[in-house]
Amino acid sequence: MTTLLLVLPVAAPAAAALLAFISGRHRQAAMAACAAAVIIAACGGLLAVSQASMPDHAFGGLLRADALTATLLIIIGTVGIPATWAGIGYLAQEIAGGHSTPRRVRWYSTLVPAFLGAMALAVVSGNIGLTWAAVEATTVITAFLVGHRRGRAALEAAWKYVVICSVGIALALLGTVLLYFAAVHAGVPAEHALDIETLLHHAGSLDPAVTRTAAGLLLIGYGAKAGLIPFHSWLADAHSQAPAPVSALMSGVLLAVGAFALLRVKPVIDMAVGTGFLRGGLLVVGLATVALAALMLVGQTDYKRMLAYSSMENMGLVAIAAAVGSRLAMVALLLHVLAHGIAKTLLFLAAGQLQHAHGSTAIAAVRGVLARSRLIGVAMAIGVAAVVALPPFGLFGSVVSIARSLAEARLIWVLAALAILLVIAFAGMAERTVTMLLGNPDPDAPAIAVPRSLATALAVGVIACVALGITMGPLGGLFAGAADIVAVPG
Amino acid sequence: MPGQTETVTVTTAAGALLLTAVLIVWRRELRAMVLLLTCQGVALAALPIIEGMQRAEAGLVSIGLVVLTLRAAVLPLVLARLVTAHSTARREGRPVIGTVASLLVTALLIVLSFAMARPIQRLADGTDAPAVGMVLAVVFIALFTMATRRRALSQAVGFLMLDNGITGIAFLLTSGVPVIVELGASLDVLFVTLVLGLLGRALQRTFGDTDTHRLRELRD
């Protein structure tokens, strides 16, 4: 049963991708992709229910089911459902506007479910080598999605994205190789030396010097994929140029998958070299990322880049929560990732319609959205309120918990710096959003079209966003279980 | 514990990896860079083949042959197609950092990597043999090349050099990671190179050039 639940999240999107490639009809393809996202979320849910027997393995440790796997599958599925469904309307608009050829539509429809499948593979993997390969595959798959719109800006973004992420991920491979080497040297049989379970058992006997080098490389490498400094510069370009549903997936889950890859090996590294090493690295990287994002938000003139920098800000927060590493911080981290994913999906989908209407992503070009389209306006208002961590949304709860865990860990200076940076970021985003939403609309401003599939996706997102603010429901127990796996003991 | 002759041949292959990397920093003709990359692929493939022959392991030798086909033939060919697509630019343009300064930085990077490699080499065989340090230097030189070259193709060469270095370290330390990971990694490199090739040509069609410093549309 567990084997099936681990294989389906990869097999279903793969089948959807194949179907899309053969048929080439984008409506059916998007529905199949959405069905695949539902299956991913459902498998995550079922794994969460059978948590008692965790961790469980399939194919001799190649795949692994535990609470963390289930959590990530639920996050991928939850963000994937609205993002793939909105793809129906997105492609219909592109085709109607003459911006797309049948060939590009076919590739889009094929690559989106393939992207979901690669992310699912990264999280169900119990082998850090396989996780690495899956994370790298997401880069290759999304390269053409980022460049989908063609044109100078899109191609430039795609090139930078592939080059920067490939370098980052190559460094993560070097880190993985060194960890493997340290494990083999500690007497672990070579065929199991990349299995996370085996590594956890032998973590105490890994050579500290080699493991430290490996940890540094893994932090920088997977950090690139999670949008963390120093390999962050692809993020704003790629997020602003990719089609709206793809931006939603990249911001909502791809960044989280990058962070997951690091979280998976964190307990091994903590046991081998002590908790101080990664904590220091994550704190520096996390704070620097939040600081850069906050500064970029203040002077921002482009609303899609504004959303991208807000993603960086939130991933920096995730890194800081991971640095603290207590159970409270880890539960907050997981809630933060899920709530951010849903809210950012809303925002990117809404922004996509604004871009379609105005033909521009300049903040100055957009005024009075709330008066022109109630649905887009409300979705944006809720999304922004959620990502800047206003109550009663999920991110408010997670940010407060992260702050509390920082205080408990006596990292007061980090807390102080973080508070100032978050206020700056809040001010930057809130001011721009208010002018976009409420300003007096230009009398000849274009109408904002809202395709029915997009309206459905936005409605689902709004409900999920609000629901998560009120209660975590059964997710609370799951997050606690997942936090126990990655939290620093004691 | 490896025998004396094996150590010498392995060190020679590692040295060839490093030498080609330094030459890539020195040369600016795109064709010469691709040719040097091919030589580097041969040196890289020599590592598992030498070890496989000494230990009489057919598996290692065949992995070496796969590496040879991929890195000394397929990948350079993909890149070479990009060079022929260049009608105007067959040379790396005006450098960000001059050749002499680049070579000095390269020397510093080599010293740094030898220092970094010491604990790793000690754990590997208890000696101070230079092989790991040499190949680690290839990784750093590749990063440096990618940061300072302007042409799309040069950046692709830098990326493949980076990957050669990492694979080289894997072979030196562990006779390669498990086959499934090695295959996955090779496939990924192949796909990344194909993607870079396709994007590179699209860039040239759109921008009329592959000078990545012209990529200035996106900025804050």
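**Exercise 1. Polar pairs between the chains**

Task: Determine how many residue pairs are in polar contact across the interface of chain A and chain B in this predicted model.

Solution: Step 1. The rule finds two residue pairs in polar contact across the interface of chain A and chain B, both at pLDDT 80 or more. Step 2. For salt bridges between chain A and chain B, the count is zero.

**Exercise 2. The extent of the interface**

Task: State what area chain A and chain B bury between them, and how many residues of each chain are in contact.

Solution: Step 1. The size of an interface is often given as the accessible area lost when the parts come together. Step 2. Here, chain A and chain B bury about 3900 Å² between them. Of this area, 80% lies on carbon and sulfur atoms. Step 3. The contact involves 42 residues of chain A and 42 residues of chain B.

**Exercise 3. The side of chain A that touches chain B**

Task: Identify which helix of chain A gives the most to the side that touches chain B.

Solution: Step 1. Helices 5, 6, 8, 9 and 12 of chain A each supply at least two residues of that side. Step 2. Helix 6 gives the most, with 22 residues. Step 3. By class, the side of chain A that touches chain B has 28 nonpolar, seven polar and seven charged residues.

**Exercise 4. The setting of A:T198**

Task: Decide whether A:T198 is buried or exposed, and explain why.

Solution: Step 1. A:T198 is placed in helix 7 of chain A, residues 196–202. Step 2. Its relative accessible area is 17%. Step 3. Buried means under 20%; therefore A:T198 is buried. Step 4. Apart from neighbours within four places in sequence, A:T198 is in contact with A:V188 and A:H192.

Note on methods. Residues numbered from 1 in each chain as written. Chains lettered and ligands numbered in written order. Predicted model: local features only at pLDDT ≥ 70, side-chain atom pairs only at ≥ 80, totals over all residues. Heavy atoms only, no water. Helix = DSSP H or I, 4+ residues; strand = E, 2+ residues; numbered from the N terminus. Buried < 20%, exposed > 50% of the residue type's maximum accessible area, 1.4 Å probe, protein only. Contact = heavy atoms within 4.5 Å. Buried area = accessible area lost by both parts, 1.4 Å probe. Salt bridge = Lys/Arg side-chain N within 4 Å of Asp/Glu carboxyl O. Polar contact = N/O pair within 3.5 Å; in protein donor to acceptor, adjacent residues only side chain to side chain. Nonpolar A, V, L, I, M, F, W, Y, C, P; charged D, E, K, R; others polar.
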